[in-house]
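Please read them with the coordinates open.

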Amino acid sequence: MDLPTDDEIRALHERFAPSPEAFDLVWTHCTIVRDLTAQFPAPEADPDLVRAGALLHDIGVYRLQPGEAYIRHGVLGHELLRSVDLPEVLARFCSHHTGVGLTRDDVLAQSLPLPPEDYLDETPSETLVMYADKFHSKSTPPRFVTIESYTRSVGRFGPRKAERFAELVARYGEPDLESLARRYGHDVH
Ligand SMILES: [Fe+2]
């Protein structure tokens, strides 16, 4: 499969970002998530797919309208990538990285503003990008997130999510956040 290069993906970010600030925030986060994926043992994942998926997973953030629920950025990114003829296998990284996977029951039980479907990682590459994404936040200011602090907050995505996160931690291990924090100048908490 012909996947876009880093430069092509960066150009897509520049094209869809509504402002240089939005570009800087989202592109930096996506490069950090790509860097994080490289820290985890995932022999079954496809490295090139993981790279492109990590760099693209949050591109839907640019499509959020004022007041629109943040959780919609996944499906918006999926639509965006399909609209520029990128393949479904890449678009899925957008719609399938939220929390530690959302089920149709989560969508219905929490009245999430999403089509009632499963948004679960289905391949080793999708699981890896979803997991790596948990360790950096586009908060103001952006920061790295420890296992402890993500575990404290994961409950907002529904029951049993802490359990799934613990399974992922057991599978992939703990990232080295300090070296990335120094490189990007973001705090860890
Ligand atoms: Fe993300």
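Leaving aside neighbours within four places in sequence, which residues is Arg72 in contact with?

1. Arg72. The model is predicted, and the points below should be read with that in mind. With neighbours within four places in sequence set aside, the contacts of Arg72 are Leu64, Pro113 and Leu114. Arg72 itself sits in the loop between H3 and H4. The C-alpha atom of Arg72 is 10.0 Å from that of Cys94, and the two residues are 22 residues apart along the chain.

2. Iron site, donors. Four protein residues supply donors to the iron ion: His29 and His57, each through NE2, and Asp58 and Asp133, each through OD. The donors lie 2.1 to 2.3 Å from the iron ion. Along the chain, their spacing reads H-x27-H-D-x74-D. Two of these residues, His57 and Asp133, link distant parts of the chain, being 76 residues apart. His57 belongs to the loop between helix H3 (47–56) and helix H4 (73–83), whereas Asp133 is in helix H7 (residues 124–133).

3. Iron site, geometry. What is the geometry of the site of the iron ion? The angles among the four donor atoms run from 85 to 171°, and the site is irregular.

4. H1 against H2. Packed helices are described by the angle and the distance between their axes. For helix H1 (residues 6–16) and helix H2 (residues 20–37), the axes come within 10 Å and cross at roughly 150°. The two helices are therefore roughly antiparallel, and the crossing of H1 and H2 is right-handed. On the H1 side the contact is made by Asp6, Ile9, Arg10, His13 and Glu14; on the H2 side by Phe23, Val26, Trp27, Cys30 and Arg34. By class, this contact of H1 with H2 holds five nonpolar, one polar and four charged residues.

5. H1 against H3. How are H1 and H3 oriented, parallel or antiparallel? Their axes come within 10 Å and cross at roughly 15°, and H1 and H3 are therefore roughly parallel. The crossing of H1 with H3 is right-handed. Asp6, Ile9, Leu12 and His13 of H1 meet Arg51, Ala52, Leu55 and Leu56 of H3. The contact of H1 with H3 has five nonpolar, one polar and two charged residues.

6. H4 against H5. The axes of H4 and H5 come within 7 Å and cross at roughly 160°, which makes H4 roughly antiparallel to H5. H4 passes H5 in a right-handed crossing. From H4, the residues in the contact are Gly74, Val75, Gly77, His78, Leu81 and Arg82. From H5, they are Glu88, Leu90, Ala91, Arg92, Cys94 and Ser95. Sorted by class, the residues of the contact of H4 with H5 are five nonpolar, four polar and three charged.

7. Backbone. Two places deserve a look. Most residues other than glycine have a negative phi, and most peptide bonds are trans. Asp85 is not a glycine, yet its phi is positive, at about 65°. Asp85 lies in the loop between H4 and helix H5 (88–95). The peptide bond joining Thr140 and Pro141 is cis, with omega of about -10°. Pro141 is in the loop between strand E1 (136–137) and strand E2 (143–144).

Conventions. Residues are numbered from 1 along each chain as its sequence is written. This is a predicted model: local features need pLDDT of at least 70, side-chain atom pairs count only at pLDDT 80 or more; totals for chains, interfaces and linings use all residues. Side-chain values use heavy atoms; hydrogens and water are left out. Axes are lines fitted to C-alpha atoms, for helices over the stretch in contact, and angles run from 0 to 180 degrees between N-to-C directions. Helices (H or I, at least four residues) and strands (E, at least two) are DSSP runs, numbered from the N terminus. Angles under 35 degrees count as roughly parallel, over 145 as roughly antiparallel, 65 to 115 as roughly perpendicular and the rest as oblique. A crossing is left-handed if the near helix is turned anticlockwise from the far one by less than a right angle, and right-handed if clockwise. Contact means heavy atoms within 4.5 Å. Ala, Val, Leu, Ile, Met, Phe, Trp, Tyr, Cys and Pro count as nonpolar, Asp, Glu, Lys and Arg as charged, and the others, Gly among them, as polar. Donors are N, O and S atoms within 2.8 Å of the metal (3.2 Å for Na, K and Ca); water is not among the atoms, so sites may look incomplete. Four donors count as tetrahedral if all angles lie between 85 and 135 degrees; four count as square planar and six as octahedral if opposite donors are over 155 degrees apart and all others between 65 and 115; anything else is irregular.
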